[in-house]
Amino acid sequence: MDWLAFARGPGMKWAVAIFVIGVLWRLIGILLLRGKKDLSEPRSRSAWKGLRLIGLRSWPRKEFLGGTAFGEIMGYTFHIGFFAALFFYLPHILFFEDVAKGVIGVNFKQIFGVAWPYLPSGIVYFFSAVSVAALIAVLIHRVADPVKRLLSNFDDYFSWFVTFTPIVTGMLAYSHFAGPYPTLLAVHLLSVELLLVWFPFGKLMHAFTIFAARAVQGTDFERKGASL
Amino acid sequence: MTTLGDSLLASGISRRAFLKFCTALTSLMALPPGMAPAVAQALAKAKRPSVIWLSFQECTGCTESLTRTSSPTLENLILDMVSLDYHHTLQAAAGFAAEEAREHAMKEFDGKYLLLVDGSIPTGDGGIYGTWGGESFVDILEQSVKGAAAVVAIGSCASFGGLPKANPNPTGARAVSDLVKNKPVINVPGCPPIAVVMTGVLAHYLTFGRIPELDAQGRPVAFYGETIHDRCYRRPFYDQGKFAKTFDDEGARSGWCLYELGCKGPITHNACATVKWNAGTSFPIQSGHGCLGCSEPDFWDKGSFYKALATTSWGDAATLGAAAAVGVAAGAAAAWMARGRQDRIAKEK
């Protein structure tokens, strides 16, 4: 079995399985934790108002704009580029549809009545390049800033690496640069598999927890009467 | 041995036709155009080598590809370039007379003949699944390889095991290169290989007296150096994101890319998109069907021909269901342990 066959077959199968195991392990583990009882008098009648924090935290606060603007802009740039490449590139869509079909037996079009839209490959390539540039920028910023450098650990750098690699290898595979396409495709798929395996156990798990965490924190703040 | 020039002259091939052939060959072998006269000179002086063609676990498609081409072609010409001393399908002799011809050629041209093999070699159960005159294919290959100058594995079965090796490989089929370790082996895969690629490999050997540059799979780089996708005339549609969704939709009629319909062109190394078939008439993608990837190892076991390359063969609902069950159980166990710790801390307080 060559590397591509491994990456397309058993490699992907085990990576997806580990991803599912890990994500559910973390989520169920968090959901079933016993929360600390708050015996104080609620300061707000409706803690649900605290859900506003989900949106509020997605935008920089004026007071901290000077210090956080770079991170916020680069964060948005990376995520928009990454999601465009991930969800609007036809081969990726075919992969997701195949997974969905294997699990629930129907595809996107059968559920929503319209085909999953996709972008021309050149535009996806542009978005990928933008997201790679943003990732490099945030890495330089992290290393150059003494406080951020001090706060960073292996998880930060490795999570960056496993995010960066699939995008770069995907671009290389698309452009047939630096090697034959089957080799580059195998490397791309293996890098995606590394991302899937690491995902639940590192900081990348924020993709599943970020909005729930803000919701919990927001309702907690609201109950205590804190200003959001 | 007579020279190739003498042989061609005797069979009525004009010098003009021969030079045209050499120019086409030079281009095919990815050599600079200026090399054409040198190729012609070398070929004219080349001795016609003895060729022994062994057919093992095969369907005769490779021989069909070589012989059933429109005439006159370069492919026919190649039959004048070599002395084909043994070939089951093409020779008139049969039985012991045929085997004598092979043994005679092996003895007379010891160390000089080219051994061409099509079909895989069944090695299971002592090689009992393939025999001639009481001898197994394994033994016949071993005998024939001893005096060969080089071995050319014709077709995907000889090159990589092909269909006979497809899972579960009941006969223990193996490729020539799995069994031949002491001679140079050139793989010319394809199901079947393009006729002009087969002749091109032989012509290269005759011209330069050595085997061509090979890739990691033992294939001549001149013919297998690029993927079908690299040179496909539908590639611009791939880049533009224009894909046929079915074999008869508007996209298919407009000649859009067949990636979504399972085309394996991006991972298949072959010369179909450039050399084409039937005297350069067409190739599968031009005919409206995706590439099957037949010149790649184990192409038969790489999933459906009609599923897009991106879909992989990652697993099924049962696998994911089992993974989800394990994940939920692990999460519940982690939470249960955490609660236990909380209780112990509360008690200690």
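Visitor: What pattern does chain A follow, read along the sequence?

Guide: Welcome! This is a predicted model, in which local features need pLDDT of at least 70 and side-chain atom pairs count only at pLDDT 80 or more, while totals for chains, interfaces and linings use all residues. Residues are numbered from 1 along each chain as its sequence is written, and chains are lettered from A and ligands numbered from 1 in the order in which they are written. Helices (H or I, at least four residues) and strands (E, at least two) are DSSP runs, numbered from the N terminus; chain A has ten helices and zero strands, and its pattern reads α-α-α-α-α-α-α-α-α-α.

Visitor: What percentage of the residues of chain A count as buried?

Guide: A residue is buried if 20 or more other C-beta atoms lie within 10 Å of its own, exposed if 12 or fewer, and partly exposed in between, with C-beta atoms placed from the backbone. The C-alpha trace of chain A spans about 65 × 45 × 35 Å along its principal axes. Of the 228 residues of chain A, the buried share is 28%.

Visitor: Which element of chain B gives the most to the side that touches chain A?

Guide: Two residues are in contact if their C-beta atoms, placed from the backbone, lie within 7 Å. The contact between the chains takes 38 residues from chain B and 40 residues from chain A. On the chain B side, two or more residues come from each of α12 (228-231), α13 (235-240) and α16 (317-348). With 16 residues, the element that gives the most is α16(B).

Visitor: How many nonpolar residues are on that side of chain B?

Guide: Ala, Val, Leu, Ile, Met, Phe, Trp, Tyr, Cys and Pro count as nonpolar, Asp, Glu, Lys and Arg as charged, and the others, Gly among them, as polar. The side of chain B that touches chain A has twelve polar and seven charged residues, and its nonpolar residues number 19.

Visitor: How do α1(A) and α9(A) lie, roughly parallel or roughly perpendicular?

Guide: Two packed helices are described by the angle between their axes and the distance between the axes. Axes are lines fitted to C-alpha atoms, for helices over the stretch in contact, and angles run from 0 to 180 degrees between N-to-C directions. Here α1(A) and α9(A) (residues 181-198) pack at about 10°, with axes 9 Å apart. Angles under 35 degrees count as roughly parallel, over 145 as roughly antiparallel, 65 to 115 as roughly perpendicular and the rest as oblique, so α1(A) and α9(A) are roughly parallel.

Visitor: What angle do α3(B) and α10(B) make where they cross?

Guide: Helix α3(B) covers residues 36-45. The contact joins B:Val39, B:Ala42 and B:Leu43 of α3(B) to B:Ala203, B:Leu206 and B:Thr207 of α10(B). These residues divide into five nonpolar, one polar and no charged. The axes come within 8 Å, and the crossing angle is roughly 85°.

Visitor: What distance separates the centres of the two domains of chain B?

Guide: The bounds come from an automatic or database domain assignment, which gives domain 1 (47-224) and domain 2 (228-311). Their contact takes 18 residues from domain 1 and 15 residues from domain 2. Taken over C-alpha atoms, the centres are separated by 28 Å.

Visitor: Which residue does a cis peptide bond join to B:Cys191?

Guide: Most residues other than glycine have a negative phi, and most peptide bonds are trans. One cis bond, with omega about 15°, joins B:Asn167 and B:Pro168. Another, with omega about 0°, joins B:Cys191 to B:Pro192.

Visitor: Where is B:Thr60, which has a positive phi?

Guide: B:Thr60 has a phi of about 75° although it is not a glycine. B:Thr60 is partly exposed, with 14 other C-beta atoms within 10 Å. Its place is the loop between β1 (50-55) and α4 (61-67) of chain B.
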